[in-house]
Amino acid sequence: MNLLDLDPQGLERHFAARGEKPFRARQVSRWLHQHLAGDVASMTDLAKSLRASLAAHDSIEGPTVLRDTTASDGTRKWLFDVGDGNAVEAVFIPEDDRGTLCVSSQAGCAMDCRFCSTGAQGFNRNLGVAEIVGQLWHANRALLSDTPPAPGSPGGVAEPRPASAWPWVEAGRAPVTNVVMMGMGEPLANLDRVIPALRLFLDDHAYGLSRRRVTVSTSGLVPQMDRLAAECPVALAVSLHAPDDALRDHLVPINRKHPLAELLAACRRYLEVAPRDFVTFEYVMLDGVNDAPAQADALVALVRELPCKFNLIPFNPFRGTGFRVSPRERIVAFQRRLMDAGLVTTIRRTRGDDIDAACGQLAGRVKNRVIRPLATRSFAVRP
Ligand code: SAH
Ligand code: SF4
């Protein structure tokens with residue numbers, strides 16, 4: 001069993017099955033997700049016999065890193081191998097007061113949104129729990145390490161970076177303080193693995209993030225929004241992108257199955273249990289497609305009486321796309337129109353665009369590329 005595959009309850013069951021007390025599971029969880037242990041040998045306060053049994057029956061298999069790139073603005077992107085020539089990406093975005101990791105949930109995506117390069121690549125497969133959680137596990141390890149091993153080099157013991165590198169990091173805490181499920185894939189189409197991963201993000205004996213600091217973004221899978229609300233409510237972002245069904249049917253094809261009225265009703269239900277008292281609507285700004293003043297007015301009418309905020313995302317181009325980003329003045333005018341109607345509206349700052357790490361630019365095809373994976377390493381990071 002790969003221990004990174006087990007959520008808090010799964011870990012307890014796993015230990016109970018071999019006659020161990022539940023507190024052992026919590027102890028191992030802290031080693032895995034707080035001390036970021038890469039091997040059982042480093043779990044020094046476990047009984048030797050338990051360590052031996054773990055080493056014999058279980059493993060800690062973190063993701064295999066194909067590429068690790070840092071942009072000029074400090075944004076850092078990892079490309080992880082998920083087999084069969086596919087890869088997924090995670091992006092770390094440092095800000096003044098927080099460190100956000102954008103996490104992928106699927107290799108490719110079946111939703112086929114017209115303006116998204118992940119959509120253009122098609123659906124390959126769902127990621128497993130360890131592949132989702134492993135993105136956060138690895139990011140924290142790599143960020144805590146002063147000199148992360150270069151791809152292809154053997155591992156070593158990593159020294160913690162000086163705390164001053166990230167002003168928001170409290171002593172002994174991990175650099176990633178917020179997680180957004182906004183990488184590759186539709187997280188609500190993979191809930192059986194996303195929910196256990198979310199539970200680890202939230203668990204006090206794992207990453208211990210508050211529900212408000214974990215956000216799931218969806219293109220609008222209505223029944224799955226209800227399931228998320230029932231099983232693991234976290235902050236919700238919804239990719240709206242159009243003020244009417246005709247345009248949304250075209251841009252976000254899942255709208256044909258769950259049209260806007262149904263989607264907004266699901267948002268309302270979600271807010272009854274959500275950790276935040278608003279939904280964030282993402283709205284990609286496409287030149288001449290969805291950026292007219294009348295469309296801003298239609299949006300205002302559409303979301304009337306729904307507590308929400310808007311996040312306008314300047315479209316990020318990718319090879320083969322027919323869309324263009326709206327000119328800056330048009331985005332600002334659109335924002336003003338929403339704000340004048342009382343809607344809190346921000347424009348997403350594009351981060352990491354010199355390393356293709358911006359929204360909608362993540363792609364995972366690595367076929368036919370010579371790659372030298374980082375062998376599954378075992379290097380300890382001090383808590
Ligand atoms: N699949 C989920 C989450 C991942 S995408 C979803 O669609 O919500 C995160 C955000 O980036 C979504 O709002 C998505 O629509 C948007 N996006 C996709 N492609 C983009 C592009 N090329 N430029 C800007 N934003 C894009
Ligand atoms: Fe999938 Fe989201 Fe891209 Fe749509 S925007 S294709 S749901 S990743």
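The side chain of Asn 2 reaches the backbone nitrogen of Glu 61 at 2.9 Å. That is a polar contact (a pair of N or O atoms within 3.5 Å; within protein, one must be able to donate a hydrogen and the other to accept it, and residues adjacent in sequence count only if both atoms are side-chain atoms). This is a predicted model, in which local features need pLDDT of at least 70 and side-chain atom pairs count only at pLDDT 80 or more, while totals for chains, interfaces and linings use all residues. Residues are numbered from 1 along each chain as its sequence is written, chains are lettered from A and ligands numbered from 1 in the order in which they are written, and side-chain values use heavy atoms, with hydrogens and water left out.

Stay with Asn 2 for a moment. Asn 2 sits in the segment before helix H1 (8-16). Its relative accessibility is 13%, so Asn 2 counts as buried. Buried means under 20% relative accessible area, exposed means over 50%, and partly exposed lies in between (1.4 Å probe, protein chains only). Not counting residues up to four places away in sequence, Asn 2 touches Ser 59, Ile 60, Glu 61 and Ala 130. Touching, or contact, means heavy atoms within 4.5 Å.

Now take in the whole protein. It has eleven helices and twelve strands. Helices (H or I, at least four residues) and strands (E, at least two) are DSSP runs, numbered from the N terminus. Of the 383 residues, 53% count as buried. Look too at contacts between residues at least 6 apart in sequence: 68% of them join residues at least 24 apart.

Next, follow helix H1. Which of its residues are buried? They are Pro 8, Gly 10, Leu 11, His 14 and Phe 15. Seen down the axis of H1, these buried residues fall within an arc of 160°, so they line one face of the helix. The arc is that of the directions from the helix axis to the C-beta atoms. An α-helix has 3.6 residues a turn, so residues three or four places apart point the same way. The buried residues of H1 pack against H2, H3 and helix H6 (191-202).

In H9, Leu 260, Leu 263, Leu 264, Ala 266, Cys 267, Tyr 270 and Leu 271 are buried. They cover an arc of only 155° around the axis, which puts them on the same side of H9. What covers them? The cover includes helix H7 (222-231), strand E9 (235-239), helix H8 (245-251), strand E10 (279-285) and helix H10 (293-302).

Leaving aside its neighbours within four places in sequence, Gly 220 is in contact with Met 225, Ile 254, His 258 and Leu 263. Gly 220 lies in the loop between strand E8 (214-218) and H7. Its relative accessible area is 1%, so Gly 220 is buried. Gly 220 and His 258 are 38 residues apart in sequence, and 7.2 Å apart in space, C-alpha to C-alpha.

Leu 36 is in the loop between helix H2 (22-33) and helix H3 (48-57). Its phi is near 55°, a positive value in a residue other than glycine. At 1% relative accessibility, Leu 36 counts as buried. His 241 lies in the loop between E9 and H8. Its phi, near 70°, is also a positive value in a residue other than glycine. At 5% relative accessibility, His 241 counts as buried.

His 241 brings us to the ligands. An oxygen atom of ligand 1 is 2.7 Å from an N or O atom in the side chain of His 241. A nitrogen atom of ligand 1 is 2.8 Å from a polar backbone atom of Phe 115. A nitrogen atom of ligand 1 is also 2.9 Å from a polar backbone atom of Gly 185. Ligand 2 is surrounded by Cys 109, Met 111, Asp 112, Cys 113, Cys 116, Gly 119, Gly 185, Glu 186 and Ser 219. Here a residue is near a molecule or strand if one of its heavy atoms lies within 4 Å of it.
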